[in-house]
Amino acid sequence: MSICEAMDANTGRTALQNTVGKVSAEFIYLYPPGIPIITPGECMTEEIIRQVLYDRDIGLPVQG
């Protein structure tokens, strides 16, 4: 799915742990410096979720 389609889609909030297989409608990134972990339109995978949780748990500035 394109970024525009994902950002304009009808969406809802879901706990991060429950997003495997869903399409992201938001950016998740480390800010600063602003490095995206996932962008709108990408499919959420277990690996991405593990990485986001790991980054957050070690104190990195995860946003999104």
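## The loop between strand 1 and strand 2

Proline 32 is found in the loop that runs between strand 1 and strand 2, strands being DSSP runs of E with at least two residues and helices runs of H or I with at least four, both numbered from the N terminus. Proline 33 lies in the loop between strand 1 and strand 2 as well. The peptide bond from tyrosine 31 to proline 32 is cis, with omega near -5°, and the bond from proline 32 to proline 33 is also cis, with omega near 15°. Most residues other than glycine have a negative phi, and most peptide bonds are trans.

This is a predicted model, in which local features need pLDDT of at least 70 and side-chain atom pairs count only at pLDDT 80 or more, while totals for chains, interfaces and linings use all residues. Residues are numbered from 1 along each chain as its sequence is written, and side-chain values use heavy atoms, with hydrogens and water left out.

Helix 2, residues 46-57, has twelve residues and reaches 16 Å from its first C-alpha to its last, close to the 16 Å expected at 1.5 Å a residue, a span taken as 1.5 Å times one less than the number of residues. Within helix 2, Ile48, Ile49, Val52, Leu53 and Asp55 are buried (under 20% relative accessible area, with exposed meaning over 50% and partly exposed in between, for a 1.4 Å probe and protein chains only). Seen down the axis of helix 2, these buried residues fall within an arc of 160°, so they line one face of the helix; the arc is that of the directions from the helix axis to the C-beta atoms.

The buried residues of helix 2 pack against strand 1 (28-30), strand 2 (35-38) and strand 3 (62-63), where contact means heavy atoms within 4.5 Å. On the face turned away from the buried side, helix 2 carries the exposed residues Glu46, Glu47, Arg50 and Asp57. Just after helix 2, glycine 59 takes a positive phi of about 95°.

## Isoleucine 3 in helix 1

Isoleucine 3 has its place in helix 1, which covers residues 3-8, and is partly exposed, with a relative accessible area of 39%. Between isoleucine 3 and proline 36 there are 13 Å in space, C-alpha to C-alpha, and the two are 33 residues apart in sequence.
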